[in-house]
Structure formats: C-alpha cells, structure tokens
Amino acid sequence: RSLAQGGDIFDASAQKAGVQEGTQNGNESRKATIRRFNPNKGLLGALKFASQGHQDIAVLHEGKPVLIVFPSIQRVLLTVNAHDLESLCKDDNLSVVCKVVPDNPQWKEKAKVTIMSCLWQMAIWTAQGRLIYPMTPQTIFTLKRWPNLTRLAPVPESMRLSAFLTKTSVNLNILYKVMPLEMPDILNYLAATSVTGFLATDTEYAHNQTNVSEQVDVNSNVPDSQMVKDAEKIAGPSQEQPRGLLQRLMRKLLGKR
C-alpha cells in the first residue's frame, strides 16, 4: 500500500508513527487561494482543437510553425525545442493560428510524439499550479481509468492520486482535506488528466459563468458527509481492505505472514 501511494518501504514502527502523524496533521484545517486558467486558449487550446478534427493542422506563432498535428496517426511533429515550447505554453496571451496543411508522408514519418503525451505535458506547463477552467473547488470528479504514467511526463504524487481517484469521487476541498499534498501538484495533475480525457466531472460546473482568471479559495475544513468518510477510508490505512498481490509480496519480504 505504501508503494501504491508513492511512499517507500519502511518498518512497521516507522509506518505506525507516520500514520499517527499524518492523522494529526489531517485534522488541521488548511486553506489556499488559487487561480484558474483557460485550457482552450493559447498553444494548449490550439493543440486540443487540432487533435479533435480529421485534417492535418499546423499551429503557427508569428508566422512560424510550432507544431503540426496528425490526428489520423495520433502523432505530433514538434518544430521547436522543449525549452521554447514550455515558454510558449506559459504565455497566457500567446497568439496562435491554426492552418490546414496538405498530406505529407515525410512529415508524418518524423512525427514521433503522441498527441496524448503532448497534451499531458503541455497541460502541466500551461497550468503552472492553477486550476483548470471551468472546474471549481466544489466540482466533483473521479478518474475513469489509470493513465499510463510510465509513458507520460512525471507529476509529483501522480501514482498516489491515480490510485485514490479511481476508487472514489471527491471535490477539491475534500481531496485537500484527506490527502495533504501540495496544491500545485494536485492542480497540475487535474489539468493533465482533464485535457487527456481521463478525468470525469459532474455537469454542474458547466454552467459556471465566472471569470476565468478569478481567484478561488480551497478550504479543507469541509463538513462531514458520506463522501468525506468514503474518501478518508480510502486515503488512510485500513485493515478491512483485502490484501493485494503487492502487499502480500511486501509482507513476505519483510518476514511477515
């Protein structure tokens, strides 16, 4: 369970002490003020648009191509280096143009990056620790399925968040309460899983008409509910949960039954 939640292997006494300390810290209310960003603008928005069509599209900035998207083979040809691409993603006011290009087998042969991995990485660079619009701290979300984290850009605590969110539905306030992780890491993960289609949310947030750049408050001091209880049960250690294969192997390695 420790490995599944992103931790290391340690002895039982240390684990017990860590659990007690985590429980005490979890009882303390935490607050954070965060900003949101629009994933449909800039370079990320252009990539999302191009990936949803059926034509090969080049995304240009200042008249020069930045990337060419080939939806038929689910690949992207990058024409700039990673450092420049990251800088462009961080520019909220970046002006880009999408242009349909003719079929070119040579370009397609050079396109090695998958659309999935490109969306994932660019979402992290664009988010910069911000909440993806139109989600709010009250939006309920869960994970449809595990992302293939071995083939995607790393996000701190992604393994732990994936294991948790595939088992339960929460909102950001509850997640911040039961899993004391760094807020920027949580928001970058939500952005990456949202633009790649792994994150499922309720429909209530779709009617939110507030300003995209508006700051919102996240507060872990949420009232007890069944959702909170379920989330706390999954986030914390429980003897009621059946032992998985990994847990049984770990116990054998530690000389336990």
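This is a predicted model: local features need pLDDT of at least 70, side-chain atom pairs count only at pLDDT 80 or more; totals for chains, interfaces and linings use all residues.
Local features require pLDDT of at least 70 and side-chain atom pairs pLDDT 80 or more, whereas totals for chains, interfaces and linings use all residues. Residues are numbered from 1 along each chain as its sequence is written, and side-chain values use heavy atoms, with hydrogens and water left out.

**View 1. Crossing of helices α3 and α5.** The axes of α3 (residues 82-89) and α5 (residues 115-127) come within 8 Å and cross at roughly 55°. Helices are DSSP runs of H or I with at least four residues, numbered from the N terminus; axes are lines fitted to C-alpha atoms over the stretch in contact, with angles from 0 to 180 degrees between N-to-C directions. The residues A82, L85, E86 and C89 of α3 meet M122, W125 and T126 of α5, contact being heavy atoms within 4.5 Å. By class, this contact comprises five nonpolar, one polar and one charged residues, where Asp, Glu, Lys and Arg count as charged, Ala, Val, Leu, Ile, Met, Phe, Trp, Tyr, Cys and Pro as nonpolar, and the others, Gly among them, as polar.

View 2. Buried denotes under 20% relative accessible area (1.4 Å probe, protein chains only). Among the buried residues are I115, L119, W120 and I124. Just after α5, Q128 adopts a positive phi of about 50°.

View 3. S158 lies in helix α6 (residues 158-165) and is buried, with a relative accessible area of 11%. Residues up to four places away in sequence not being counted, S158 touches L149 and Y189.

How values were computed:
Helices (H or I, at least four residues) and strands (E, at least two) are DSSP runs, numbered from the N terminus. Buried means under 20% relative accessible area, exposed over 50%, partly exposed in between (1.4 Å probe, protein chains only).
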